[in-house]
Amino acid sequence: MGKTEKYDYSKEKKFEEKFKIVNFLDGIRWKCNGEKHKEENLINCSCEEGLSDDETLLTHWLCYITNRQIDYRVIWEKGGAVFSDAVKEYTKHKDMSYFYPSTDTFFRKNGDEGYTFSSSKKYSEISRVCKERLEKYYRGDNLTDEDYITFKSRFYTTDYLSILYTLYTLANDEYGYSFVKYISMAIDAVDKIEVEVNKTEYYVKSIAYALYRLSCNFKDSKGGKDVKYFECVKKQNNNKNGDNKNNNEDKKTNEQSIIDFVSNKFEELAKIRYNNIKETFNNSKEFKGILDKFYKTEVCYDPMKRVWCALRDYLKDEQFKKMLKGCLESLRKSETVELKESEAVKFLFTEDNAACKYIELPGDVWNENTLFRQCLTTKHSGKLGKLLREVYENKKIETGYPEQFDVSFDFVPRMCENNNCDICLFANYSETTKKVFNKEKALALCVNDSEKYCPLMILYCGYLYKCDGEKCLMRECLQKGDV
């Protein structure tokens, strides 16, 4: 094979401007999210007594494990109700048997529906607020007071194994059923690195790597043989021809394989998996090299999408940021945890979210949208996340960072999918798109009144955001044609 031609970054003449625009949009995104979460928590907690911060963070992580090809609102409302109940059972009773397949456990046989994730509490026993948020998913008498809340993710058999491995690992004495103690292990591993490193960068990379190892299909090589932790899950039928019979048979086969696997192999492999994780993070001499080697692979992009989403929330969302910071500070005061001298809290939690510049863009269909990609870059092949990281470092971008392009989740469906290019600032800075930006039309949508909401922001991303007046970056772009 010939050598891959090195990309010429000099072609990207306006990426600094695009990073500035995205930085502006993303800042508004998180401000609006913060205001929204003050009124209604992201996770629909079913427990009347609520969850501790550690339990909330674990519930949040379980929700992200299942967050694939399904409406995100279903994840946080139905999934949140079921997983918050499961986490409370987990930390209260400290009994893994509740999570093994049965007719009355977390992974429950539910008639013709097959196996689903299920709450331990009946509908009559869950919190009032939780019931109100669930109403939209049920009609009339479809749910009675004696029923359990159920949730089935798109890839529920694989997700179930990920959850099972996660809970098994955290149940070991090293972590004591605590999600934050597991994260502290990743922090502590960086503190023990024997050479000088950029602490912020390696804390972020270590935590992300730890989360990936905790729940994803990571393969360790022992004695020259890979341990295939998810080998019992067969590829699901894509059902392209609408063959529901074959699809249902595939599901039944997978379910039976899972039941057999949990009964015969799970605990043996889960123990190996836990010991491998522990060994890796206790290897102070080689740990930096392990991280450096890992982050040179393609795995750190799309396969880690949900890891980056979750970690981004823990470092950026005001609600979860406060929780993780508080839990880590509490651990630092504990005599049983080796975090007394760690400066992780200072490095990870800053007002400017500096740690987030080491998070990769979670790849999805929106930021890989063809029209959006054409407006961003002259390089239309390869994953956008990898390209953004290379441009960010090559051009030494000072304002904005790659992860912020995840604002495309809100932007692309409203702008690119609706061909609103004539009022789009990205089209104005595009090197390749044939779409024409209409400065006068876009400027006519600018109210320049701090008492009113910005129409452009509503059109761009659906955010209700009060106008910044003359200080607005978008207005400056429209007036000067540059930033």
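About 60 Å³ of space lies in the second largest cavity. A cavity is a set of points on a 1 Å grid over the protein atoms alone, where a 1.4 Å probe fits but cannot get out. Its volume is the space filled by probe spheres set on the points, which are joined across faces, edges and corners. This is a predicted model, where local features need pLDDT of at least 70, side-chain atom pairs count only at pLDDT 80 or more, and totals for chains, interfaces and linings use all residues. Residues are numbered from 1 along each chain as its sequence is written, and side-chain values use heavy atoms, with hydrogens and water left out.

**Stop 1: the second largest cavity.** Select Leu 371, Phe 372, Cys 375, Phe 411, Met 415, Cys 416, Asn 420, Cys 421, Cys 424 and Phe 426. These residues form the lining; lining residues have an atom within 4 Å of a point. Helix 14 (residues 370-376) gives the most, with 3 residues. Helices here are DSSP runs (H or I, at least four residues), numbered from the N terminus. The lining has 9 nonpolar residues, 1 polar and no charged. Ala, Val, Leu, Ile, Met, Phe, Trp, Tyr, Cys and Pro count as nonpolar, Asp, Glu, Lys and Arg as charged, and the others, Gly among them, as polar.

**Stop 2: the largest cavity.** Now select Cys 446, Cys 454, Cys 467, Cys 472 and Met 474. Of the 15 lining residues, these lie nearest the centre of the largest cavity. About 80 Å³ of space lies there. Helix 19 gives the largest share of the lining, 3 residues. The lining divides into 11 nonpolar, 1 polar and 3 charged residues.

**Stop 3: helix 7 and helix 11.** Select residues 199-215 and residues 305-316. The two axes (lines fitted to C-alpha atoms over the stretch in contact) come within 10 Å and cross at roughly 130°. Angles run from 0 to 180 degrees between N-to-C directions. That makes helix 7 oblique to helix 11. Oblique is what remains once angles under 35 degrees count as roughly parallel, over 145 as roughly antiparallel and 65 to 115 as roughly perpendicular. Val 204, Ile 207, Ala 208, Leu 211 and Tyr 212 in helix 7 meet Val 307, Trp 308, Leu 311 and Leu 315 in helix 11. Contact means heavy atoms within 4.5 Å. This contact has 9 nonpolar residues, no polar and no charged.

Technical notes:
On a 1 Å grid over the protein atoms alone, a cavity is a set of points where a 1.4 Å probe fits but cannot get out, and a pocket is an open set with protein on both sides within 12 Å along at least five of seven lines; lining residues have an atom within 4 Å of a point. Helices (H or I, at least four residues) and strands (E, at least two) are DSSP runs, numbered from the N terminus.
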